[in-house]
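Subject: Handing over a structure

Dear colleague,

Here is the structure I said I would pass on to you, together with its sequence. Please open it before reading further, so that you can follow the notes beside the picture.

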Amino acid sequence: TTHTHGHHPTNHTPNPHLPLPTYPFTHHHYWLDATADTDGAALLADPVELADGGGLVFSGELATGRHPWLADHAVNGVPLAPGTLFVDLALRAGERADAPVLDELTLEAPLPLPATGAVALQLTVDAPAADGRRPFTVHARTGGDEPWTRHASGSLAASAPATAAPDAAWPPAGAVPLDAEEVYHRLAERGYDYGPAFRNLTAAWQDGTTLFAEVRLPEELALTADGFALHPALLDATLHLLPVHGAPAGDPGDGIRLPFAWSRLTLHATGAGLVRARLTELPNGGVALTLTDPTGALVATAESLDLRTLPADALSGAGRRAGSADPLYALDWIELAAPPTPATGTATTVVTIDGSGSARLAAHRALAAVQQWLAEEHPEGARLAVVTRGAVAVTAGEPLPGLAESAVWGLVRTAQTEHPGRLVLLDTDTDEPEAIAAALQTVEPQLALRSGTLHTPRLTTTPPRHQPHSPLNPNGTVLITGATGALGTHLAHHLV
């Protein structure tokens, strides 16, 4: 820096030639990486204890930016929080509430995940009831002004009956192997869009009404398994055999079946990255679940799990709610209520810009006028009004006879940010001095006068505009990306 300012410092060290470092730069990052995956502990913060009876309130956030593995769980193209996530949240809350057994959990509504932003979570654990159980609810919302939606409810218990470990023989004698990859092909046909983080079924077998599965977390998720009671992607994959069990290949079945109600789920060990699952059909149509580690030691048991078919329209409205936290905005011209708020005690100098059809000439004239006025001495509160005619469109399709002066608006808007309160923009459809003077009595920095009515620009929310899809040309060419996957293969077959 000293050299660039004309000085020539002298080196007074005995060795005038200093060695350069052997590396170009050393980078040190001190900011937290908001997009990095975090462990399960970040999903729920420490609870707040309620003063009226020992209830607890947990809060947290879900965001695919911070937990990108969540985006790999989608149904019919909509990223959806897996039901097993609510299981993990409840188990973690139960651990803090001295009620570690998930006595029951009912999933009441799907929770879509927005592409950007976060979903706020609130898990409330009530004080113990007379039987010792602690009711809980899980609510979520996608924006600070959105209403809370209850997505799950249930109860926690302090203890569960002792459970014996199953036969350690694996795979069980006589069990018929199943093709795990074919399972995911059939799931894709039904609308289960599982990405790599959830395609964790590595081997499967069937023995009558009992299904057996080996499930392994990807290495990057296994490293964070200790932060969860039971990693949602691990538990979810143990259930992937159920939607296609007993259905012939290619049969779309009766729709999307998702976990609905859990009963008496007990966690025996945490931090599992590899489990062996036994799913046994129950007379009432549910399944009993047993998870063990490779040595046969118990990881988790559930007395019953019921699946329910997701209604066809369940995700259409939910998807809209997920995007409502990040609405689209548009610039709209709002009619000012009469009479306008007067700019009292101010002196306004008016300069009208006419570029005679040349945007360059109009911009130069506006720049010269603004610079000259700002360089002069003016009383406090004085303003310069730059007036154009037909340079901005207040309504859609409005003709712009002064299109060349539109550049003036961009220039003066920039100057307004540097000199707030001193510059005014007015676009008018009249040359009457009285109408212009009356319009400039308001304090708004940008105005448009149309047929005697004043308008000012405001940002307003607007619904997304869906572009209609052109029909495929049967004689044309179609490019399919990801055509080696399950969905791409079926789409290519369909097009052929």
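Predicted model: local features only at pLDDT ≥ 70, side-chain atom pairs only at ≥ 80, totals over all residues.

The whole protein

The protein contains 9 helices and 22 strands. Of its 496 residues, 40% are buried, and the accessible surface comes to about 27300 Å², with carbon and sulfur atoms accounting for 55% of that surface. If you take the contacts between residues at least 6 apart in sequence, you will find that 67% of them join residues at least 24 apart.

Two pairs of helices

The crossing of helix 6 past helix 7 is right-handed. On the side of helix 6, the contact is made by Ala 359, Ala 362, Ala 363, Ala 366, Leu 367 and Val 370, while helix 7 contributes Ala 407, Val 408, Leu 411 and Ala 415. When the residues of this contact between helix 6 and helix 7 are sorted by type, 10 are nonpolar, and there are no polar and no charged residues.

The other pair is helix 2 (residues 180-190) and helix 9 (residues 486-495), which pack at an angle of about 65° with their axes 9 Å apart. The crossing of helix 2 and helix 9 is right-handed. Here His 185, Ala 188 and Glu 189 of helix 2 meet Ala 486, Leu 487 and His 490 of helix 9, and the residues of this contact divide into 3 nonpolar, 2 polar and 1 charged.

Backbone details

Most residues other than glycine have a negative phi, and most peptide bonds are trans.

The peptide bond from Trp 170 to Pro 171 is cis, and its omega is near -10°. You will find Pro 171 in the loop between strand 8 (149-157) and strand 9 (176-178).

Asp 98 is not a glycine, and yet its phi is positive, at about 55°. Asp 98 sits in the loop between helix 1 (83-96) and strand 5 (101-107), and with a relative accessibility of 64% it counts as exposed.

Arg 264, which is not a glycine either, has a positive phi of about 50°. Arg 264 belongs to strand 13, residues 257-267, and because buried means under 20% relative accessible area, Arg 264 counts as buried at 18%.

One more residue

Where does Asp 46 lie? Asp 46 is placed in the segment before strand 1 (48-49), and at 61% relative accessibility Asp 46 counts as exposed. Asp 46 and Gly 60 are 14 residues apart in sequence, and their C-alpha atoms are 9.2 Å apart in space.

Note on methods:
Residues numbered from 1 in each chain as written. Heavy atoms only, no water. Helix = DSSP H or I, 4+ residues; strand = E, 2+ residues; numbered from the N terminus. Buried < 20%, exposed > 50% of the residue type's maximum accessible area, 1.4 Å probe, protein only. Contact = heavy atoms within 4.5 Å. Areas by Shrake-Rupley, 256 points an atom, 1.4 Å probe, with all protein chains shown as cover. Left-handed = near helix turned anticlockwise from the far one by under 90°. Nonpolar A, V, L, I, M, F, W, Y, C, P; charged D, E, K, R; others polar. Axes fitted to C-alpha atoms, helices over the stretch in contact; angles between N-to-C directions.
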